[in-house]
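Hello,

Here is the structure we talked about. Please load it first, then read the notes below.

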Amino acid sequence: MMLVFVLRHTVKTDTMAPPCGGERPLWPTPTVNQCQSNMATRWGICSAGKISNDFTVALKTLPPGDHQVVAVAARKLENAQEFAKKHSIPRAYGGYEALARDPDIDVVYIGVIHPYHLSTCLLFMNAKKNVLCEKPLAMNAKEAKQILASAKENDVFFMEAVWTRFFPVSVEIRRLLAQGEIGEVKMVRSEFGMPLHGVPRVMQKELGAGTMLDLGVYCLQLTCMVYNGEKPESIHATGTFMETGVDDIDVVTLKYSNNRLAVFICRSDIELPNEAVIVGTKGTIRIPGHIWCPTSLVVNGKETKYPVPEPYLPINFINSTGMRYEAEAVRQCLLKGLKESAVMSHADSLLLAEVEDEVRRQIGVVYSQDSQ
């Protein structure tokens with residue numbers, strides 16, 4: 001009988017995302033000399049919901065001299081005030097327009113649900129504010145194009161908050177692929193499934209519900225990252241519906257040049273192992289779980305762990321302090337005067353939206369925004 005041993009070691013992750021546009025496996029906390037600045041990046045938080053809570057907690061794991069939350073806005077003033085008190089934020093606004101007018105904001109984090117991404121992104125960018133907007137960027141590619149065009153017209157920084165791309169695990173995957181560690185990649189397989197049928201935003205179409213947009217985007221972004229932003233030659237998708245008319249199970253196959261493939265499954269009715277594997281001609285890279293917020297990587301049988309920092313307040317979602325990596329990447333881009341991130345570029349966001357549209361078309365999911 002053959003015994004296979006898995007080697008493990010842990011990497012400390014009191015580390016930052018890479019400077020925008022370049023990569024190394026891990027980065028230390030930037031110093032004043034590295035950043036050429038002693039000014040903190042001043043954040044405004046748009047919405048006082050669960051994801052905004054976790055993003056704000058994640059920011060507090062970064063040096064206060066580098067990141068400060070100076071204002072929060074919610075549709076109801078009392079919600080913004082409660083959020084501000086909880087997180088020691090100086091200013092609270094009832095309504096997003098007041099946040100857009102605040103002259104002390106360097107960048108706005110948008111945590112509203114995605115049917116409102118278009119309107120809120122346009123609001124802040126027309127006010128000349130830099131923006132980090134939660135994923136999925138928009139309801140469809142048409143909206144995504146409007147958002148990206150506005151960023152260019154207003155000459156502001158914009159990035160879709162695909163936080164997974166900035167985790168040390170993702171940084172290491174890109175390094176390994178660039179160095180040919182597993183040879184030519186031939187297959188990417190991933191899955192993401194959670195029992196979410198009781199969650200309104202996953203079931204109600206008017207809230208942007210649908211498994212592809214909510215969960216499948218994580219599988220898709222991994223595939224697009226591994227294949228370096230290449231457009232698939234063909235897309236084949238099948239799935240099932242909830243009674244509300246949105247998809248709850250999606251099975252998608254993507255074919256790329258030179259017979260390279262990707263397959264992913266996403267479903268909102270049951271929990272899956274939520275693993276991913278990248279298979280090359282010389283080996284494999286495996287993400288053994290939590291592919292949307294990975295803290296472990298297995299390369300040809302050797303496992304390395306990258307734990308995220310502990311939160312100082314309760315968080316709503318697992319490993320949410322890992323949003324610190326995308327926040328630091330935004331800071332580095334702003335310090336360099338860049339308008340987009342090389343790690344999660346405008347072209348990357350548009351590709352995600354276009355593939356999502358095609359998957360929905362084949363399965364038969366149509367939103368009201370598709371006819372507008």
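**Helix 5 against helix 6**

In helix 5, the residues H117, L118, C121, L122, M125 and N126 make contact with E143, Q146, I147, S150, A151 and N154 of helix 6. Sorted by class, this contact holds six nonpolar, five polar and one charged residues. Keep in mind that the model is predicted.

Now the geometry. Helix 5 covers residues 117–126 and helix 6 covers residues 141–154. Their axes come within 10 Å and cross at roughly 5°. Angles under 35 degrees count as roughly parallel, so helix 5 is roughly parallel to helix 6.

**The annotated domain**

UniProt, in an unreviewed entry, lists residues 42–159 as "domain: Gfo/Idh/MocA-like oxidoreductase N-terminal". Over residues 42–159 the chain is 43% helix and 24% strand. The end C-alpha atoms of that stretch are 16 Å apart.

**K231**

Where does K231 sit? K231 is in the loop between helix 9 (211–226) and strand 9 (234–241).

Is K231 buried or exposed? Its relative accessibility is 56%, and exposed means over 50%, so K231 counts as exposed.

K231 still has contacts. Leaving aside residues up to four places away in sequence, K231 touches Y256, L351 and E354. As for W163, K231 is 68 residues from W163 along the chain. The C-alpha atoms of K231 and W163 are separated by 21 Å.

Best wishes

Definitions and conventions: Residues are numbered from 1 along each chain as its sequence is written. This is a predicted model: local features need pLDDT of at least 70, side-chain atom pairs count only at pLDDT 80 or more; totals for chains, interfaces and linings use all residues. Side-chain values use heavy atoms; hydrogens and water are left out. UniProt positions are given in the numbering used here, feature names are shortened, and annotations may be inferred rather than shown by experiment. Helices (H or I, at least four residues) and strands (E, at least two) are DSSP runs, numbered from the N terminus. Axes are lines fitted to C-alpha atoms, for helices over the stretch in contact, and angles run from 0 to 180 degrees between N-to-C directions. Angles under 35 degrees count as roughly parallel, over 145 as roughly antiparallel, 65 to 115 as roughly perpendicular and the rest as oblique. Contact means heavy atoms within 4.5 Å. Ala, Val, Leu, Ile, Met, Phe, Trp, Tyr, Cys and Pro count as nonpolar, Asp, Glu, Lys and Arg as charged, and the others, Gly among them, as polar. Buried means under 20% relative accessible area, exposed over 50%, partly exposed in between (1.4 Å probe, protein chains only).
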